[in-house]
Amino acid sequence: MKLKKTRRMILAATLAALMILTAVPAMAETNGSEGIPAAETEDVLLIAPASTELTAAQVKAITPAAKAASYSYSKIKVTWDKIDGLDGYIVYRATSKNGTYFKAFTTTKNSYINTGRTTGKYYYYKVRGYKKINGKTVYTKYSPVTATYARPNKVKITDAYGRPAGIGGIMIDWEPVSGASRYEVQANWKKDGKWSGWKTYTPNLWGEKEEIETYYSLLASEKKNNPNTSEVTILVDGKITTMSIEEACELSIGKTQARADVLEDDRTYKFRVRAYRTVNGKKVYGAWSDEYTLKETLNPDEILAALRQYTIDYAKKNNPKFIYLDDRESSTPENSSYYVHGEFAGFSMYARQEDVIEAYKETIGRYVDRMKTSGGENSGFLFIRKSYPGDAEGISENVTDETYYAMWMLY
């Protein structure tokens, strides 16, 4: 079939060049460099041009798209799509949308990190590309203006866990954020299928609001309670130690930690944290962290196996007359023929397994040592039981309001 004079066959070398042509509005209406209307080019085989070289007209027709986003409390990152065929790009900055833009940076890449920015202050950017053609620099159009301000980065929560002895107190840990003055923490809990919504507090057994505590709120409280002193005397690792109030508070709650009182029942708890930086008395907030759901990760069988082995090893060294009894007939402390030598404090259902194991080693050692006074050979075993609201609290007649693990040593 003979082609009409209005038809054109366009030869090409690279797909990239074809993409450039289709991105330019002036060229999108034609199928050839001579501007033949698309309606007159039926059955034309369209193949990319033989060269990636852009013409001056093509360069001038390009409009880059740029985006500015906070990169840290003092940095802003500007990015744009890389356009094949251009030699480089120029980034311009102003402090107002219609203000004076000055050249901030020239690069061959498609991103620029603007350092030294003031937290919370808006900066406006626009970008244009360029190409040298026949010794002359030809510029693209300017991108639309994009604006943002520098703020602290998003927080990452690393863990949320209960105490290894006792229940109720949950610690939330997160990674530090550069430039953050302080952090805000919120909780959200579900009860009977309904979420509470994000709060700065959690409820206690009596329905009262317990504010989530941070290092700074604890410090403020301690300074209020001790207005005439800058030091306190506390017990640290079994030794009475004098230190500053700041040091004592940080031992209790780290600067990238929070403590929340939770009810250990059938509720589901979530936490989130955000950093902020104070500039001229104003808080500039970063984004909230991803939600972190409080979970039970304990394996009682593994805990019991680890503490069983510790008891055997400790007794072998310190009380060889003690025999760990594996073959016991009883299934609970209540119907055991053994005596309850020690009922431990119990531990949170949200405790970390390694913390529980470590916390009870000292207690086990103390109990095994005490058995020396019984004379002759003695034997015993450990017992762990999970208690739920309404269950007996330990082996007493009291009833527990919360879920936790009770632990005993019997002999």
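Visitor: What makes two strands count as paired here?
Guide: DSSP must find at least two bridges between them. Strands (E, at least two residues) and helices (H or I, at least four) are DSSP runs, numbered from the N terminus. This is a predicted model: local features need pLDDT of at least 70, side-chain atom pairs count only at pLDDT 80 or more, and totals for chains, interfaces and linings use all residues. Residues are numbered from 1 along each chain as its sequence is written, and side-chain values use heavy atoms, with hydrogens and water left out.

Visitor: OK, what's the strand order in the open sheet of 4 strands?
Guide: The order is β9-β10-β18-β15, with antiparallel pairing.

Visitor: Which strands stand at the edges?
Guide: β9 (157-162) and β15 (213-214). Each has a single partner strand, so one side of each is left without a neighbour in the sheet.

Visitor: How many bridges join β15 to β18?
Guide: 2 bridges, and the strands run antiparallel. Glu 213 has Arg 259 in β18 as its bridge partner.

Visitor: Switching topic. How many salt bridges?
Guide: The count is 15, taking a side-chain nitrogen of Lys or Arg within 4 Å of a carboxyl oxygen of Asp or Glu.

Visitor: What does Arg 274 form a salt bridge with?
Guide: Glu 184, with the closest N and O atoms 3.3 Å apart. Arg 274 is in β19 and Glu 184 in β11, 90 residues apart.

Visitor: Is Arg 274 buried or exposed?
Guide: Buried, at 19% relative accessible area. Buried means under 20%, exposed over 50%, partly exposed in between (1.4 Å probe, protein chains only).

Visitor: And what does Asp 326 meet in a salt bridge?
Guide: Arg 308, at 2.6 Å, N to O. Asp 326 is partly exposed at 44%.
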